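Dear colleague,

Please find the structure below, handed over for your own work. A summary of the findings follows it.

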Amino acid sequence: MLKALIIDDEENSRAALKGKLDLFCPDIRPIQEAGDIESAIAEIVSGKPDVMFLDVKLAGETGFELLERIDADGIDWNGEVIFTTAHDEFALKAIKFSALDYLLKPIDAEELVKAVRKVQQINSVEPKAGISVLLENYRSTTDSPKKIVIPSSDGMHIIKVSDILRCESSSNYTQFVLRTGKNLLASKTLKEFDNMLSDHNFERIHKSHLVNMDYVKRYVQSDGGYVIMEDDSRIPVANRKKEHLMTLLKSL
Amino acid sequence: MRWTSFITFVVLTLATVQVQAQQYFFQTFGQREGIPVSTINDIAEDPLGFMWIATEGGGLARFDGVSSTVFTTENGLPSNYVTSLKSDDGDLLVGTDKGLTAYDGFNFQSRWELPSERVVAITQWNQDWIIVFRRSLWRIDENDNIQRLQIPGDPQLMSVDYTDQSLFIGASDGLWKFTNSEWVKWWDGSNARSIFIIDREDEESGVQVGASDDVYLVLRKGLAIPNLSTNDELGAHPDVRDIVLDSRGRWWYGSYQQGLRRYDSRLAEDFRGVKVGEEEGLVTPKIRCLHVSSDGRIWIGGLSGLSRLVEPDLYRYTSDDGLIDERVHAVTVSSRGNWWMGGLAGLSRKNKYGVIESFDEQSGLPRGLVFDVVESTNGRIYVATEAGLAQWTGSRFRTYGVHAGLGNAFIFDLEPLANGELAVATTSGIYIFADGQFETLDENLSTTAIPRIQEDQNGRLWALDIEGRILYRDNGSWEYAFEESEMLRIAPATFQVDAEGTLWMGTNGFGLWRLKEGRLDSLSSNEGLLSDNVWSLDVLNNDVWIGTERGIQNIIWNNGWEFGTRVSDARGFGELECNPHAVTRDEESVIFGTNQGVLVAPLRNVEERPSFGVIEITRLDLYFEQPESWGDWSDTIKPWSQVPLNLSLPYDQNYLRFSYSALQVADPLALQYEYRLSPLNKEWVDAEGRREAIYTSVPPGKYTFQVRGFDPLSGKVIESEEYHFVIRRPYWTTWWFYLTVFVVVAGSVYLYFRLRLKRIHQRLALEEERNDLERRALRLQMNPHFVFNALDAISGFIFKNEPKEAVKYLNKFAKLMRLMLESSREHMIPLHTEIQLLENYLALEKLRFSGEFDSEIVLDEEIDTYGLSLPSMMIQPHVENAILHGLRPKGGGKVTITFEMTDNGVRCVVEDDGIGRKKAAEIREKSGRKHRSLAGEISRRRVELFEKTYGGRSAVITEDLHDENGEASGTRVILQLPLQSTDEWDDD
């Protein structure tokens, strides 16, 4: 049995999630509700929920603030967080960088069940890498997250975005090549990382390659065209990407 | 000939001389020809052939034979009283009563420092100019060094002439001679107004001096003979102002008192004066100057104008001159120079002085027609008459006829034979007359009529029988000259065998024939012969003169037929009918007997300079006037005529008038002009007497203009020089203009399309932006946050077991979605729709937030919510902003939406009493996001586009509201939007 806390400022929304949990997740008991941060803190302290369904947007506040409060106040709570949101791109991006789980409203029952099952499987002693990265990025003054959590077979890796040299697709996994020379196999597709990193000067120059443009040394036109990275590796460039790449390189 | 020996002879000879009955014709020129004043002081000729006329008071006239151009003080002359002229190749020196000037073909200029006095005479002596003023004499050398020559005693100076060594000056006290810088009084006399050196290369040839009383021949110093005339009755020739020698070797004296007198310098043995005065037609008897022009004609200037002597090159003797009968059938010139002319009524004789005597029965001449008159080789004159042969004994005629052996024969023709005998052609064959007796030459011919006989150089006798056969007698037998049938066909009417043995034949109706070494040549009227009836014929050295029933004609055989210069018909004599065989020639003339007297064609003197004149283009006008300057179009102006050469005219200066004149011809008006502008005219254009050619609208091109004229008086065609000029293409037909136009047009088209494309792109960009903004506005409106939250909220009702509420809100939600989607398709939506949309939206928001806030929509009653449209998707995002960022953080409040009509649209005010923008921004800051009010930005941008598209004023103004304590008390957004009638909205 897992203890759950639903934090949402909309009553109907809370009622909807509670109804769904009741219906589809019989393992979740009891289910507490909170409409704002203060009552949520109180519930966390008193109820020690195993899982927290946290609405990103609260009236005049945000769900991230709650996490900060927990961290700042040193509240001893070791549960999992599942964010809920109707549609908040900014928040979703931050969540994705931290590899935390989230559900989109109106919440799909299957997604809900899957998320809950994941929580049940998680070893609760594992350090909460995700939350720390989320908070770190959230606190950062810049728009772009500095770190990213890469889930891999051997756990969560926190990596500076600027340490990533390039990514290479490897079936459903993505091989990260870091500046340190280390390689990392992430259990997500290249497309997902492309979506996340495209705002951070990463460029998908090939079906299987996502490169950090900061570390592109030069472009060579011969042999069908390739770029030479900082580590002298040669990355082929897809034909339809060449023109785009040229303009990018020129603007650098 | 030595003048001295000849004059001795002249002085000794006494002869009774009468004026020869030669006809003179004077052409006079005056006002009609544009010569301004009738007193003419001097005459000169320029290199082109224009005559320059110095007038007393009217300036200087350039005369082309028909009209004049006058130069006066306005053109730079020192005075209009022009006194003397002298022309050399390049200059015309002009003396006036106020000094000397020089004309170089363009301008008058004073070259030298000389007195501003009346110039009396100008001449050129050994390359030096000699300028004679009344009281001073100047010599100017090639280097323009001026030297004054001083004559002892300071007489009044009047005239000048020179030899190679000496200068002669005529003065008031006689003649002065200047040799080797020394003056010698050569002859004492008075007022030597003219000087004429007989031979400039021979000092001793004598000097003729026109003095106040007579003309003197000064043979040497102090020795002078007055009055050269051998015919005393002419008397003295006082006050001769000018003496000239013409091309035929005759001297002409021009007197201010007695008109013209002429002497023939070649007649050594008989030096007779010929008076040519008013009686002879001279209209300018008070002569001041004479000039022999290059065509050999004598120009006379005087007190009463300008005239020119035209000596006829054909003239006639008629009964007026003393001919006994004008119907002249026989003519011959005796060795004494007498002309014997036989007519119907007798015989006339003209001696070489022109005196005509006539003879008839009273002199013993038989009555009736004279058929022929000849001089036998022993100097006797024989006359063939109807009544036999008459011989002139010196005072009377003695007749030989029937009794002398002629019988009843009728004499047609006489031929003096080399042996002194006379061959007589008669109706009964040929007789030889010798020692007063006729003897038949050949009995075989006694029944044949022979109209003409001739003895050739070899002593053979030629005869023409009445049938037209020509025979010659060779060793006692007669031979045909050529094929008898051919002879019978052409029917010769007369013939002559010349010194070279050529047989020349005139025929009845078959023209002129020639037989030489078996070859026959003929010339007919089709080929230019005056008539095919050639009745008289005279040939010497292939110079053929023929007489026809229509006059005479000169033909020259030069390995082909050529025409000579003279045809009587064209001379104004009309159709003179010539009589058969009645022609002869002496050294000077060919003499024809005609039915209207004797027609004389003087033969050309071989020394005479053949000048047939020139045709000169005298003026070129554009649009009938002279342009101010030709300088833009011509680099060369022809001197003297001032016609521009190498003319290159612009396309619009193409209205041309050429004026032209025949210079140095007898009568410019008589010329038959033709002109041609190649390549515009393929043929010559007959000018029909006009002396100008007008060409209008000449297209661009290269042209050659030329004039030619047939001069009937000389029989020659004279041509002008070719005049070349160009009319340039207008600049818009030149290749560079085409290129420029092409570039400009192409450039314009290019720019136009570029501009248009730019506009289109701009419009497209604008439209795209609008579409983009509308898309974004829609996205804003269809805020997924709201949508999904609303759905989530509705699902809450379901779980709360409140199906009624759930359905109600689902319906509202569905309606809102529909309205939003529909309005997103239009740029403008009816106000009514907008309000519905807002109402549904507000209801759903209230549901989500459990009715925590109030809302109100205030509508101006005047507004026709159905009839008016406003831009879609403008208001709802602001309402959402007000609720989410103003009211929600506060936990309640009210949003008011007001619609008001304005002058040019609708004003919508969205007002809330929430936390205010500042606080809302702080909250967002906490959530880590830079605040960007998308609703405001998109609205503002759209509003800008509305302004661009619809005009008028559109605006989005956001105001912060404050309460009395200055605390933030809400936000007000004012949207000023365009409003249009819904009906008008069909598209865009």
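Predicted model: local features only at pLDDT ≥ 70, side-chain atom pairs only at ≥ 80, totals over all residues.

Contact between chains A and B

On the chain B side, 22 residues are in contact with 20 residues of chain A. Three helices of chain B, namely α4 (784-799), α7 (876-890) and α8 (917-926), each supply at least two residues of the side that touches chain A. Of the elements of chain B, α4(B) gives the most to this side, with eleven residues. In terms of residue class, the side of chain B that touches chain A consists of eight nonpolar, eight polar and six charged residues.

Strand β36(B) covers residues 388-392 and is mostly covered, with four of its five residues buried. Strand β36(B) pairs with β35(B) (residues 381-385) in the antiparallel sense, over five bridges. A hairpin of two residues connects β35(B) to β36(B). Within this pairing, W392(B) of β36(B) stands opposite I381(B).

Strand β36(B) is also joined to β37(B) (residues 397-400), by four bridges, and these two strands run antiparallel. Here W392(B) has F397(B) in β37(B) as its bridge partner.

With kind regards

Methods
Residues numbered from 1 in each chain as written. Chains lettered and ligands numbered in written order. Contact = placed C-beta atoms within 7 Å. Nonpolar A, V, L, I, M, F, W, Y, C, P; charged D, E, K, R; others polar. Buried ≥ 20, exposed ≤ 12 C-beta atoms within 10 Å, placed from the backbone. Pairing = 2+ DSSP bridges.
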